[in-house]
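Please have the sequence and the model open while going through this note.

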Amino acid sequence: MKWVRLCRLNLTKRGKLKLRNKHFYLLLLIATVLMTGCSENGQQNSSITQSSESSTSSVIEENNVAQVVILLGQSNMEGHTWSRFLTNTMADKAAEFNTGYDDVQIAFHNSGDYTSGGEFTSVKLGQGLSMNQFGPEVGIAEVLHNANKENVFLLKYAHGATSLSGHWISPSSRRDGGPLYRGALQFVLNSINKIEDMGYYPEIKAICWMQGEDDSNNGQHDNYYTYTKNFVKDLREDLILYMDLDGIGFLDAAIAALDSVWRQHVIINNAKQTNA
């Protein structure tokens, strides 16, 4: 599957063709039949039919596209809001969130080894720092559910009190990259493999990034623009085999403008805006 995806991307990058999945696989099937059909051996020609039937089945399966959204960052992405606060103020909505959304699945890995165990589950309350807390995945799932989106998978990898200049730094900024960059990449690839095992064709629509607080206080704020630019570039390159044909979007949330808490928030947010 991966070499087929790479061929499709090469065609697209050259600007020659921009094929949707079903068109590409049908052309691939035709090309395979034509090339194999040149054989004069009757037994080999017989195998063409079997191969064609198998390929046709593959075409149907591969058209089952899964929309993937990646969530990365530190505490605000991880989710430190207590579910009980929502329950006390919006009981009806809390009940809806607690039930969850079956049409939006999530695999998550938070700090403290609180994870979904490498498996997918419906998005609901209790997928933040602990089973009693939640993050932005709940609101994202609500919007996607109300928009009647299908086959949506969220991949959340978040750790609080971490920096882009150290933990998340990407290979273009520092050789081999930081531990969370490497960990997030492996988590995403493992999760995508699971989506493929379900019979879906995963396409990454966007990466949502909520981080910057730590770098506003650690003396690395002046490097944040370059580190972010390299971070986006490296992620897109490392995940190119799974990108949507229109590319991988990158959504970067600003940090709170609190002078007494995040001392260099202006520089951090300007860097985010300039990259955007």
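1. Strand S3 (residues 101-110) and strand S7 (residues 152-158) pair in the parallel sense, over seven bridges. Val104 has Val152 of S7 as its bridge partner. Two strands pair if DSSP finds at least two bridges between them. Helices (H or I, at least four residues) and strands (E, at least two) are DSSP runs, numbered from the N terminus.

2. This is a predicted model, in which local features need pLDDT of at least 70 and side-chain atom pairs count only at pLDDT 80 or more, while totals for chains, interfaces and linings use all residues. Residues are numbered from 1 along each chain as its sequence is written, and side-chain values use heavy atoms, with hydrogens and water left out.

3. Strand S5 (residues 121-123) pairs with S3 in the antiparallel sense over three bridges. There, Tyr101 stands opposite Val123. Strand S4 (residues 114-115) also runs antiparallel to S3, joined by two bridges. His109 stands opposite Thr115 in S4. The S3-S4 hairpin has three residues between its strands, and Gly112 takes a positive phi near 75°.

4. Is S3 mostly covered or mostly open? Mostly covered: seven of its ten residues are buried. Buried means under 20% relative accessible area, exposed means over 50%, and partly exposed is in between (1.4 Å probe, protein chains only). In a regular strand the side chains alternate between the two faces of the sheet.

5. In helix H7 (residues 137-146), the buried residues are Glu137, Val138, Ala141, Glu142 and Leu144. Glu150 is in the loop between H7 and S7. Glu150 counts as exposed, at 57% relative accessibility. Its C-alpha atom is 7.8 Å from that of Gln67, 83 residues away along the chain.

6. Now the rings. The structure holds ten aromatic pairs. Rings of Phe, Tyr and Trp (its six-membered ring) pair if their centres lie within 6.5 Å; planes under 30 degrees apart count as stacked, over 60 as edge-to-face and the rest as tilted. Tyr181 and Phe231 are edge-to-face, at 5.9 Å centre to centre with 70° between the planes. Tyr181 lies in helix H8 (residues 179-197) and Phe231 in helix H9 (residues 224-238), so this pair ties together parts 50 residues apart in sequence. Tyr181 is buried, with a relative accessible area of 3%. Phe231 is buried too, at 0%.

7. Phe231 also pairs edge-to-face with Phe250, at 6.3 Å centre to centre and 80° between the planes. Phe250 is in strand S9 (residues 249-252) and Phe231 is in H9, so the contact ties together parts 19 residues apart in sequence. Phe250 counts as partly exposed, at 21% relative accessibility.

8. Which residues do ring pairs link into a cluster? They are Tyr157, Trp168, Tyr181, Phe187, Trp209, Phe231 and Phe250. Trp168 is in the loop between S7 and H8. Trp168 is buried, with a relative accessible area of 0%. The C-alpha atoms of Trp168 and Ala184 are separated by 8.9 Å, with the two residues 16 apart along the chain.

9. The charged end of Arg84 sits over the ring of Trp82, 4.8 Å from its centre. The criterion is NZ of Lys or CZ of Arg within 6 Å of the ring centre and within 35 degrees of the ring normal.

10. The largest pocket has a volume of about 180 Å³. On a 1 Å grid over the protein atoms alone, a pocket is an open set of points where a 1.4 Å probe fits, with protein on both sides within 12 Å along at least five of seven lines; lining residues have an atom within 4 Å of a point. Grid points are joined across faces, edges and corners, and the volume is the space filled by probe spheres set on the points.

11. H9, S9 and helix H10 (265-275) each supply at least two lining residues of the largest pocket. H9 gives the largest share, five residues. The lining includes Lys229, Arg236, Phe250, Asp252 and Lys272. By class, the lining residues are four nonpolar, two polar and five charged. Here Ala, Val, Leu, Ile, Met, Phe, Trp, Tyr, Cys and Pro count as nonpolar, Asp, Glu, Lys and Arg as charged, and the others, Gly among them, as polar.
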